[in-house]
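Visitor: I am new to this structure. Could you show me how to read it, feature by feature?

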Amino acid sequence: MNIVVCIKQIVDPEAPDRTFAIDPVTSRQDRNRLSLVASPFDLNACEVALRLRDGLGGQLTALTIGPPEATQVLRQALGLGFGAGVLLNDPSFHDADPFKTAYVLSRAIRKLGPIDLILTGCESGDMAGAAVGPLIAEELAIGCITYASRISAARNGLEIHRTLSHGYELLHASPPLVVTVISDHANGPRLPKLRDLLASAKQPIPVWTALDIGIDVERFAVPPMKVKECTVVVTTRERACAWIVGETVQEQARDLVRRLRDRHILGSETRPS
Amino acid sequence: MTDHDYRDIRSAVARLCAGFPGPYWRGLDRERAYPTEFVRALTEAGYLASLIPEAYGGAGLPLSAAVAILEEIHAQGCNAAACHAQMYVMATILRHGGDEQKQRWLPEIAAGRLRLQAFAVTEPTSGTDTGALATFARRDGDGYAITGQKIWTSRAEHSDLMLLLARTSPKDANAKHTEGLSVFVVDLREAVGHGLTIRPVRTMMNHATTEIFLDGVRVPAANRIGEEGQGFRYILSGMNAERILIAAECIGDARWFIAKAASYAKERVVFGRPIGRNQGVQFPIARAHAACEAAALMVDKAAALFETGAPCGAEANMAKLLAADAAWAAAECCVQTHGGFGFAEDFDIERKFRETRLYQVAPISTNLILSYLAEHVLGLPRSY
Ligand SMILES: Cc1cc2nc3c(=O)[nH]c(=O)nc-3n(C[C@H](O)[C@H](O)[C@H](O)COP(=O)(O)OP(=O)(O)OC[C@H]3O[C@@H](n4cnc5c(N)ncnc54)[C@H](O)[C@@H]3O)c2cc1C
């Protein structure tokens, strides 16, 4: 089974809020000096891929679009046991919307040859658009199953365990297929072995440009991008502490109700009982 | 690995450690229990075999990689003391063992199937004066019968093999007291119950240390490392690596304390402002940081010298001294910064504080390092 996992490098979502900043020029998240990590659901997708490979054999390839430092997430996949990783880097890939991202990824997937399964996280850990996986399926004109937590081999294809809000459903599908992966207790990313980590550090990582994957750069220009991000704003929440006053509990309750009314949290018709 | 910082290894170690947060260690601390799951995770990932050459199934990494691994474990709030010796005790076999011994043990150690992490040198009556040790190995046919007592033999209950230093000729028969000592690999799986008794020693921190009683324990001659009578030299040659690695753990501890202290000082508001706005709170943290970074440079220097094979006794000892002091100063300022909360178990600080105190004493006490520097580096008269 040939599997491709698409991994996005994002600013560590675990990083403290105070390190989050917006670059005033680009209106995008300032990635400088922040620790960059693989988007968490993408690591769940890696684990799903590794388990399938452990059972069925086959080739695992990790793909990422990003600057040279994004090879870090590819090395992470190699350290977990992936056979190959490819960085997609080209000036024309910058400022991608989900359509463009999916287009670039699908071109790279075509170049890799016949692929049975393409996995992505169900959404990215930063923008949470949840669109790239389905759009890759659209580009490649193949089926797509979203929010899967487990995949196993079944007769004539694959059995996919799809998470629903109050349960799950089991689907049978045959490759080629795109599956987007949600986290689950069964697909937490494994820990790398030191030896694989060392081997992954030595493994060459090819970089493919727009030309390498036969991209029609025109397509990025006309028609213009379907979605454009205008700005990103960090909302701040101020917290203040107020003392409820009053000699007796009743007085304190009255004071509290008055304050809640003043802030329109309680309607004026509400009577304290 | 090309980058000197071992960034990939560090982040992989940090990810592993994330699975063993404060409550895990607190629970063990309360029970004085061994961190079996943590040690298993490190073993399975291959970290404890990082220094074993590739020919024997290890990762064949230089000492600085082990420095990065241990430092990171401690900087993440975990504690490698339960297993760090698995990394370096094998060096005595690697450097001084015969081919048959290396083939017999090293691949099994590298695979994590054999634990060699107990190291029995110290005795109740010898203390720091290793030349005074009295445990005696009497030649007996094709083996030895060993009788005596060891103390502070850490991890003996969690080890399959134990490296033991014993006398093979009486103290007075040699020109120097450190002569006439030999190193043995004792197979604890066979010896326990056949003359060897292990008794745990409870200490102020969760450290699986023991005392060991030997009464005619039979050890085959094939388990003696190197030549008879040369044991002290063999043990000494492994000590530089041990000093450097323990120093790395101290740096990790120091970084953990400093990060905790700095973050708490920014958040704790008293008198209407963060306590970290007071210089009386800032300065000890800043000083601890400076001391930690300086000590880290000495650890790097000692490791780099070690890796080239150059003499590094002075640097390894200074690294241990400075790093242990930096960790202790950082621990002290971390408790102080946290005020009362520094004493609360849930903050993990009091636990780490107890744990890092050890490195002022073991594996070599601060005084002995100072007297080593005075005598061997500065040429002052020997004081003992
Ligand atoms: C938790 C723990 C784990 C340990 N694990 C191991 C282990 O796995 N294997 C092992 O072999 N040992 C182990 N040790 C032993 C450790 O190495 C010794 O405790 C240490 O070397 C000091 O020996 P001592 O305790 O007998 O102190 P002593 O030698 O009695 O010294 C007591 C004090 O006097 C000072 N002192 C002694 N002589 C001089 C001098 N000439 N000049 C100035 N000051 C001096 C010392 O610095 C020390 O502060 C461990 C100890 C502890 C506490």
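Predicted model: local features only at pLDDT ≥ 70, side-chain atom pairs only at ≥ 80, totals over all residues.

Visitor: In what order do the nine strands of the open sheet in chain A lie?

Guide: Start with the general idea. Strands of a sheet pair through backbone hydrogen bonds, either parallel or antiparallel. Here the order is β9-β8-β7-β10-β6-β1-β4-β5-β11 in chain A, and the pairing is mixed. The edge strands are β9 (167–173) and β11 (207–208) of chain A, and each pairs on one side only.

Visitor: How many bridges join β5 of chain A to β11(A)?

Guide: Two bridges link β5 (residues 84–88) of chain A with β11(A), and these strands run parallel. For one bridge, look at A:Leu88, whose partner in β11(A) is A:Trp208.

Visitor: Which helices pack on this sheet?

Guide: One of them is α1(A), which touches β1 (2–6), β4 (59–65), β6 (117–121), β7 (143–154), β8 (157–164) and β10 (177–181) of chain A. The direction of α1(A) makes about 150° with that of β6(A). Helix α3 (residues 98–112) of chain A packs on the sheet too, touching β1, β4, β5, β6 and β11 of chain A. The direction of α3 makes about 145° with that of β4(A).

Visitor: What is the reach of helix α1 of chain A, from first C-alpha to last?

Guide: α1 (residues 40–56) of chain A has 17 residues and spans 25 Å, close to the 24 Å expected at 1.5 Å a residue. Then ask which way the side chains face. An α-helix has 3.6 residues a turn, so residues three or four places apart point the same way. In α1(A), the buried residues include A:Phe41, A:Ala45, A:Val48 and A:Leu52. After α1(A) comes A:Gly57, with a positive phi near 80°.

Visitor: Why is β1(A) described as largely enclosed by the rest of the structure?

Guide: Count its buried residues. Four of the five residues in β1(A) are buried, so the rest of the structure largely encloses this strand. Then look at its partners. β1(A) pairs with β4(A) over five bridges, in the parallel sense. There, A:Cys6 stands opposite A:Leu63 of β4(A). With β6(A), β1(A) forms three bridges, again parallel. A:Val4 has A:Ile118 of β6(A) as its bridge partner.

Visitor: Which residues around the ligand come nearest?

Guide: Of 19 residues around the ligand, the nearest are B:Phe119, B:Thr122, B:Thr128, B:Trp152 and B:Ser365. Next, check the polar atoms. A polar side-chain atom of B:Thr128 is 2.4 Å from a ligand oxygen atom. A side-chain N or O atom of B:Ser365 also lies 2.4 Å from an oxygen atom of the ligand. For B:Pro363, a polar backbone atom is 3.1 Å from a ligand oxygen atom.

Visitor: Is B:Thr337 buried or exposed?

Guide: Read its relative accessible area, since buried means under 20%. B:Thr337 has 10%, so it is buried. This residue sits in helix α11 (residues 313–338) of chain B. A polar atom of its side chain lies 2.6 Å from the backbone oxygen of B:Cys333. Beyond its neighbours within four places in sequence, B:Thr337 contacts several residues, among them B:Tyr264, B:Ile275 and B:Val281.

Conventions
Residues numbered from 1 in each chain as written. Chains lettered and ligands numbered in written order. Heavy atoms only, no water. Expected span 1.5 Å × (residues − 1). Buried < 20%, exposed > 50% of the residue type's maximum accessible area, 1.4 Å probe, protein only. Pairing = 2+ DSSP bridges. Contact = heavy atoms within 4.5 Å. Axes fitted to C-alpha atoms, helices over the stretch in contact; angles between N-to-C directions. Near = heavy atom within 4 Å. Polar contact = N/O pair within 3.5 Å; in protein donor to acceptor, adjacent residues only side chain to side chain.
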